[in-house]
Amino acid sequence: MGLLEWATSPWGKLVPIHIAWFLIWVAVIAGFLFFIVHVTYLRYFAKPKEFAGSISPAVAAQIPDRVPRHSLAARLFHWIMAASMFTLLFTAFLPKVGVQFNWVTYHWIAGTVLTASVIFHIIHASFFMDFWAIWPDRIDLRDAWRRMLRAAGKPEPPPDRFAKYPLENKLYHGAIIAAGLSAILTGVFMMSRVHTVFFPRNPYLFSDLTWGMMYVLHGLSGIGLIALIMVHVYFGLRPEKRPITKSMIFGWMSRDFYLKEHDPKRWVVETSSPSSSSPSTSKGLEGRGLTDAG
Amino acid sequence: MAVIRDVMAAFELFQPTSVASAQKLLEQHGPDAWVLAGGLDSFDWLKDRIKKPKAVVDLSGIDELRGVRLSGNNGSDGIEIGAMTTLTEVVNHPIVRQKYDLLVQAAELVASPQIRNQGTIGGNVSQDTRCWYYRSGWPCYRAGGNICYADTPEGRNREHAILQADRCVAVNPSDSAPALIALDAKFVIRTRKGERVVDAEDYFVGPDIDITRLHILQSGDLLTAIRIPSTWASAQFYFEKIRDRNVWDFPLMNVASAMVTSGQNSSDTIDRIRISVNGAAARPLRLKAVEDAVRGKPRDAATGEMAGKQAVQGAVPLQFNAYKIPLMRNLVKRAIVGRPAGVEEATWAS
């Protein structure tokens, strides 16, 4: 059983045409295995979270009740991307597992929406948000090492509180970038093989081999996204992560959660007055790149 | 690509004598099984070694799949044709000739007498497309690949689709299918879950739904019979097939209509009508919009002209098949008014 499907081109060459569709189930099973392993780990092996140091009462007093986390633009991007991503996955893979429907038009329209929203996000994140907030830094790597050693029972100092995003979020974002951009770039070229409103159909843009590799890469990205989205939804629904999920809906997280998990030095929340507790006090933070990277 | 045409690849041959055992074999072998009816489409595939099934289930020994059975008093409620009934048997059956002459007209135009002696009604409606890129074994969409070789600027697509193409532009080659749709036939299918009866037009699928097959039969399914109700018995029928060689050939396009009119003269009012065209898309098209438009209208040239124009709405020609648009207009028009002298027809200039 091969991982790829091959065919003989009209010129007698053996070329890949797409991934083997059983890999869809491999991705789904991998997603479920992750759930089981993670739940088992949390239930039987995980130790309570512990962070180095404590936040001074003076700093804590300056934190508003509602800590702004995601701007409206960022939230809209996230949910538009989510809707288009689910549409893409369902329209791509349901027909392959026997649910037949007219999927191509929905697929390329959803792909267009995803592409446009990702372009918006790249510009938005690069010029209007704290671009580096989502990338792992030295402290993340050091703390990840410490957390691993502590989990193994080694005597290591506890890690610092997180910046705006924990390392796991940052790594997940990196994986989504890799899978998402692969799917988008190959998908844009693949649109030249079907009739769309964007450009004339040209199936001979590349050689059979290049096209085959493009379909393979698109398929691999797609099944990678199946597993990644499953994991994302799983974490979004986990009770301890709900404050983060809610922040993607309402834009803010609670002061208590912020102080428990995040380091005010690494994720600076600007406030207008020490006693303020209204979300409006953080107005204008975003333009200064202090609140949002996701 | 070199095509080997000497002998077929080896397969295991099964010759069941009952539908139940045939179905069991099909379920047992799943996608590796090939259903053999008359063999006229199958042996092309097998001898060209394009399709290499591991198991072939030959239905020719199943008597219950053969023959025309009458329903009600001498067929007053319709007829049921076993899927393995040959086209010659269909054409020669007295009740079919008397009441469902549309099917006779269509079946008589299938290929040659020898082929009609061997070819079955079930095989005729279930046969695969004749797109030569696909039949040559090229890895096109229909073969599971990721390209349509016919839908390219250089592609030989004179015979291909003008309607409802979606990546693949192949067309359905059946002559009997549009006649059965016009007669409101029902197809009886044995599936793993039991018997399923579908309208004739729903037996066929386009590439937008399933790009690798022309009909809804899944692995393990078996078309066992075709039921024709008496609804359209002895109505006014029209069938016409356009082909390159009138001796015997697959259709470039064909049209079938069944009509009931009221009145005494040539411009009677159309009370009821069903009309279907094949060779325009990957599935035989029932022209519901045309039926609705002409119902209640006089059966005259103006109505036919209007129907023809409506039938080709949305047609998108390929490089070499634009002629199919006026052809379809004219066929639909003729299916309504016949071919009276002096009626102008649409023309095509290349």
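User: How many bridges join β6(B) to β8(B), and do they run parallel or antiparallel?
Analyst: Five bridges join the two strands, and β6(B) runs antiparallel to β8(B). Strands are DSSP runs of E with at least two residues, helices are runs of H or I with at least four, and both are numbered from the N terminus. Two strands pair if DSSP finds at least two bridges between them. Within this pair, B:R190 stands opposite B:L222 in β8(B).

User: Is this an experimental model or a predicted one, and how is it numbered?
Analyst: The model is predicted: local features need pLDDT of at least 70 and side-chain atom pairs count only at pLDDT 80 or more, whereas totals for chains, interfaces and linings use all residues. Residues are numbered from 1 along each chain as its sequence is written, while chains are lettered from A and ligands numbered from 1 in the order in which they are written.

User: What is the strand order in the sheet?
Analyst: The sheet is open, with five strands in the order β4-β5-β8-β6-β7 (chain B) and antiparallel pairing. β4 (68-71) and β7 (194-199) of chain B each have a single partner strand, so these two edge strands are left with one side lacking a neighbour in the sheet. Neighbouring strands are turned by 25 degrees against each other on average, direction ignored; the axes are lines fitted to C-alpha atoms, for helices over the stretch in contact, and angles otherwise run from 0 to 180 degrees between N-to-C directions.

User: Which strands does α1(B) touch?
Analyst: α1(B) packs on the sheet and touches β6 (186-191) and β8 (222-229) of chain B. The direction of α1(B) makes about 130 degrees with that of β8(B). Contact here requires C-beta atoms, placed from the backbone, to lie within 7 Å.

User: And β5(B), what does it pair with?
Analyst: β5 (residues 78-82) of chain B is joined to β4(B) by four antiparallel bridges, and B:I79 is the bridge partner of B:L70. β5(B) also pairs with β8(B), again in the antiparallel sense, over five bridges. There, B:G82 stands opposite B:A225 in β8(B).

User: How many residues of β8(B) are buried?
Analyst: Seven of its eight residues are buried, so β8(B) is largely enclosed by the rest of the structure. A residue is buried if 20 or more other C-beta atoms lie within 10 Å of its own, exposed if 12 or fewer, and partly exposed in between, with C-beta atoms placed from the backbone. Over the 350 residues of chain B, 49% count as buried.

User: Which residues of α5(B) are buried, and what covers them?
Analyst: In helix α5 (residues 101-108) of chain B, the buried residues are B:L102, B:L103, B:V104, B:A106 and B:A107. Their cover includes α3 (87-92), α4 (94-99), α6 (113-118), α9 (176-182), β9 (236-242) and β10 (253-262) of chain B.

User: Changing topic: how is chain B divided into domains?
Analyst: Chain B has domain 1 (12-61), domain 2 (64-125 + 172-231) and domain 3 (236-337), with bounds from an automatic or database domain assignment. The contact between domain 1 and domain 2 of chain B takes 16 residues from domain 1 and 15 residues from domain 2. Helix α1 (residues 19-29) of chain B gives the most to the domain 1 side, with five residues.

User: Finally, how many residues of chain B are in contact with chain A?
Analyst: 13 residues of chain B are in contact with 18 residues of chain A.

Technical notes:
Contact = placed C-beta atoms within 7 Å.
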